[in-house]
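Dear colleague,

Please find below the structure that I am handing over to you, together with its sequence.

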Amino acid sequence: MADRAGARHDDRLKLRDENEQLRTALESALENNALLTDDNERLGRRIALLSNQLKAVQAARPSTNSDPVVVERQSQAEEELRVAFEELQVLTEELEVANTSLHQTNLELDARVEERTLQIREINSALRAAETSLRTIANLVPDLLWRANASGEADWFNQRWFEYTGNEPRESSGRGWIDAIHPLDRKKARDAWAAAVKSGTSYQREDLICDEAGNYRWFLVRAEPTRDEHNQITSWFAAGTDIHEQRTALEALRQSELRFRTMVEGMPQLVWRAIDGGQWTWCSPQWSAFTGQSGGASCAMGWLDAFHPADRPLAQRAWAMAQETGTLEFEGRILQAAEQRFRHHRTRALPVRDGQGRTLEWLGTSTDVDDIIQLQQHQAVLVDELQHRTRNLMAVVQSITTRTVRRSSTLENFQACIDDRLSALARVQGLLSRREGGLRVPFDALIREELSAHVGLEKGCSSQVTTEGPPGVRLRSALVQTLALGLHELATNAVKYGALAKPEGHLRVAWRVEDAGPQEQRLFIDWRETGVTDLPKDEAQPRGGGYGRELIERALPYQLGAHTSYGFENDGLHCTIEVNVPTDEPRLETSHA
Amino acid sequence: MPDQPLQGCRVLVVEDEYLLADDLTNALTDAGAYVLGPAGSIEDAAALIAAEARIDAAVLDVNVRGEMVFPIADTLRDRGVPFAFATGYDQWALPERFADSPRVEKPFKGYHLAETLRPLISG
């Protein structure tokens, strides 16, 4: 475009030169003509004068030419006239020639002027057409276009600019157009424009440009300088292309990818991508962190190496089936690099399909289910344990019932006795089930709960009862039930026949612990009744039916390796129990542990 | 069924719960058996087995003071001694190798115990 404009410029200059030459030629021809006309007129006037003189001479002469003087003068005048005529004739001829030449020149001039005028008109019309189409194009394109002079001051904008920005021409002109850019980027844009104008290099920025309603849209703004034949910048042309949709779509895509990556990298699952047949193309950082396998090493079928050798065929079969079923699912052990331990993982994947339903790739996760599997196993053990305990408890109830029946004389007697024992059993079940976080039952809680069932206690004591010993001595659960039943029988007997049967009697339960090897302590329990006068005469015929004594003397040693003694001092029963207790707290105590 | 179906049989009892061990002992004695034990721990049971030249049958609690009784069961099987489990556990809680072993479920009946053991004992 610049070349064509330059060519037109040259044409114009040439036309102007030619016109100038024509004008000079015409002027000199006219001047020449005027000179010739002057000469002609002068000669004409002289001829007229000479002719008048000649007529006067002829009129004054007599009919005959007698006077020689007159004849002389006449011939002289005639001679002059003839010369003047000849001169006039020459001049007239010259004039005619000059006129003819002038006429010719004028004709030529007219023709050339006409020709040039036509050319100029054509060129002007072409120029106008070009400008019109340029303007039309400038207003037709969706881009914002503007032009600035060599100093970077804008002096022309296309219609789109005004329509989009809602600006008035005076607002935008100069560097006013920069004010349409978002305030946060305005200074940067201004500096960049100034730098481009100063260095004469291309300008390019992506900026938010404000529309008429005050909304901002992303534009790619580019500007290029135009230069003259001396390489001097004559102007700048700038174009702003709306890239809002692309930019926001790209931004949204970036955001979406960022969210995806954040999610993938944040989730505990190991995430990966694969193409048909299980050829991995990518794995999340978690996979690498877990397996110690680099992204590259996991690609293709490399991931298979992280699986337990025994589970690899399963994984491969799952992939073979996945092609048909459209889902991949299997369980297999994956090696945790840090601990060199295989952990169970549930691996799943779904195909990512295109619009035509073709599988583009597979997106998969491997979820650590090792803890769940262990918990499930643990739960199974607990359920098992619960059943075992319940059945055992039922067997114990059955056994107690049988014994109570055997030792009861009447149904009323049985009723009272069995109620008592079942209550004691219920209390100890309560103690066991109330244990928080699987903690063991402390002895002080057990003894006070049992004694409280028989007498009112305050802080473990009453006027007739003293309990003394360190708190928090924790008992093995296996010990609790039998010990509680034994203590229950002792307390029942004390209330019925011993220290608590009469106001003068007193019961003191004291205990202490001694170290007894690693994580073991020996618990010494001392049950001493005093102030009892009517002691049984025959120890072989115990008044409580001997059930309590059986539990103390036989059940505790049998079941718990306890050392016990049971006997009467002169003022009441003295019973001792020694049994080992653990010092550690189990995390979750089961009989399987 | 004779009154004493286990007449003259030497039956080992392994059971940690005193009351149940006592009941088992009584039931077996009532059935005419001579009770070896009862043993309240795996250790005691192992010692008893080692010491006794003749054991005709055994009744084993599965969980003895937190230990599983299966090593004792294996020893008995090696010696050709038949046994039954006295247990509150379901069948599936037993290892597969004992799937066919008879069980006496708790709480048990004395006659049921004798009925279960009698067919196991040869001669």
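Chain B has an average pLDDT of 85, and 92% of its residues score at least 70. Please bear in mind that this is a predicted model, with an ipTM of 0.85 and a pTM of 0.54. Where pLDDT is low, the predicted coordinates should not be read in detail.

To begin with chain B: its secondary structure consists of four helices and seven strands, which follow one another from the N terminus as β-α-β-α-β-β-β-α-β-β-α. Of its 123 residues, 58% are buried. Among the contacts in chain B with a separation of 6 or more, 63% are between residues 24 or more positions apart. The accessible surface of this chain is about 5,300 Å², and carbon and sulfur atoms account for 49% of that area.

The largest nonpolar core comprises 53 residues, and Phe443(A), Leu446(A), Leu475(A), Leu483(A), Leu523(A) and Trp527(A) have the most contacts inside it. The element that gives the most to this core is helix 13 of chain A (residues 477-496), with nine residues. Beyond its neighbours within four places in sequence, Trp527(A) is in contact with several residues, including Ile447(A), Leu487(A), Arg508(A) and His574(A).

Turning to charged pairs, there are 38 salt bridges over all chains. One of them joins the two chains, because Arg403(A) lies in helix 10 of chain A (residues 370-407) and Asp23(B) in helix 1 of chain B (residues 18-30). Their side chains meet at 3.0 Å, N to O, and both residues are buried.

Within chain A, Arg476(A) and Glu520(A) form a salt bridge at 2.7 Å, N to O. This pair links distant parts of the chain, 44 residues apart: Arg476(A) is in the loop between strand 13 and helix 13, and Glu520(A) is in strand 15. Arg476(A) counts as partly exposed, at 31% relative accessibility, whereas Glu520(A) counts as buried because its value of 18% is under the 20% cut-off.

A further salt bridge connects Asp242(A) and Arg217(A) at 2.8 Å, N to O.

Finally, Phe260(A), Met263(A) and Leu363(A) make up a nonpolar surface patch with about 270 Å² of accessible area together. Phe260(A) is located in helix 6 of chain A and is partly exposed, at 35% relative accessible area.

With kind regards

Notes:
Residues are numbered from 1 along each chain as its sequence is written. Chains are lettered from A and ligands numbered from 1 in the order in which they are written. This is a predicted model: local features need pLDDT of at least 70, side-chain atom pairs count only at pLDDT 80 or more; totals for chains, interfaces and linings use all residues. Side-chain values use heavy atoms; hydrogens and water are left out. Patches are made of residues with over 30% relative accessible area and no salt bridge: like charges are joined within 9 Å, nonpolar side chains (Val, Leu, Ile, Met, Phe, Trp, Tyr) within 5 Å. Accessible areas come from the Shrake-Rupley method with a 1.4 Å probe; for residues, only the protein chains shown count as cover. A salt bridge is a side-chain nitrogen of Lys or Arg within 4 Å of a carboxyl oxygen of Asp or Glu. Buried means under 20% relative accessible area, exposed over 50%, partly exposed in between (1.4 Å probe, protein chains only). pLDDT is the predictor's confidence in each residue, from 0 to 100. Contact means heavy atoms within 4.5 Å. A nonpolar core is a set of buried Ala, Val, Leu, Ile, Met, Phe, Trp, Tyr and Cys residues joined through side-chain atoms within 4.5 Å.
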